[in-house]
Amino acid sequence: MKELDLTLSYTFKQLEVQLIHYYYFEGSYFDLGLNNDGGTQLEATIKYTMPQMPLQFVVSTNVAGCDPDPETGDRAYSTYLEANYTWEWENPGVKLQAVVGATPWRGMYSGEYKSGICNISARADKEWTVGNATVNLQLCPMFSPTFEEFNWCVGLGVEF
């Protein structure tokens, strides 16, 4: 699946708030599918990182765009809950992260179930500084018990 994501985020101490626009190359980039169709989604995310410990909790909910309930077709407000733990090595500058994610109700993360574990994964990140920018490469094998699928995610990020 092709996807282009744009993220706006604000961090204050251990709390990060994000608004993420997902575009799946279907229809207009700016059509948020308020009638529950189209190729975009808008997700609100809150992340909290424990002080003095690399343990993070995440809550994300689709607030606009294509997010129909699999049975009724109404907006599902698909929600994802995650706990992750990160290990960092300064040399060679790699981060590894263990992740467990779940969904509390039926939606795009639940498959045929109403709730459950939907993500067990590991993620490796490597960053490089290029001028005033930071370039991040991510590799992530993941297993979804709710969909009984194994997938790979590859990401490239640029921060200015």
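Tyr80 has 11% relative accessibility, so Tyr80 counts as buried (under 20% relative accessible area, with exposed over 50% and partly exposed in between, using a 1.4 Å probe and protein chains only). This is a predicted model, where local features need pLDDT of at least 70, side-chain atom pairs count only at pLDDT 80 or more, and totals for chains, interfaces and linings use all residues. Residues are numbered from 1 along each chain as its sequence is written, and side-chain values use heavy atoms, leaving out hydrogens and water.

**Aromatic pairs**

- A pair of aromatic rings is described by the distance of the centres and the angle of the planes.
- The structure holds five aromatic pairs (rings of Phe, Tyr and Trp, the last by its six-membered ring, with centres within 6.5 Å; planes under 30 degrees apart are stacked, over 60 edge-to-face, the rest tilted).
- One of them joins Tyr22 and Tyr24: the centres are 6.5 Å apart and the planes are at 5°, so the pair is stacked.
- Both Tyr22 and Tyr24 are buried.
- Tyr80 and Tyr109 form a tilted pair, because their planes are at 40°, with centres 5.4 Å apart.
- This pair links distant parts of the chain, 29 residues apart: Tyr80 is in strand β5 and Tyr109 is in the loop between β6 and β7 (strands are DSSP runs of E, at least two residues, and helices are runs of H or I, at least four, numbered from the N terminus).
- Tyr109 counts as buried because its relative accessibility is 18%.

**Two loop residues with positive phi**

- Phe25 is in the loop between β2 (15-23) and β3 (40-49).
- Phi of Phe25 is positive, near 60°, and Phe25 is not a glycine.
- Phe25 is partly exposed because its relative accessibility is 43%.
- Lys2 lies over the face of Phe25, 5.3 Å from the ring centre (a charge sits over a ring if NZ of Lys or CZ of Arg is within 6 Å of the ring centre and within 35 degrees of the ring normal).
- Tyr77 is in the loop between β4 (55-65) and β5 (79-89).
- Phi of Tyr77 is also positive, about 50°.
- Tyr77 has 42% relative accessibility, so Tyr77 counts as partly exposed.
- The charged end of Arg75 sits over the Tyr77 ring, 6.0 Å from its centre.

**A nonpolar surface patch**

- Residues including Val100, Trp128, Phe143 and Trp152 form a nonpolar patch on the surface.
- Together, the patch residues have about 1200 Å² of accessible area.
- β7 (116-130), β8 (133-144) and β9 (149-159) each supply at least two patch residues.
- Val100 lies in strand β6 (residues 94-103).
- Val100 counts as partly exposed because its relative accessibility is 44%.

Technical notes:
Patch = residues over 30% accessible without salt bridge, like charges linked within 9 Å, V, L, I, M, F, W, Y side chains within 5 Å. Areas by Shrake-Rupley, 256 points an atom, 1.4 Å probe, with all protein chains shown as cover. Salt bridge = Lys/Arg side-chain N within 4 Å of Asp/Glu carboxyl O.
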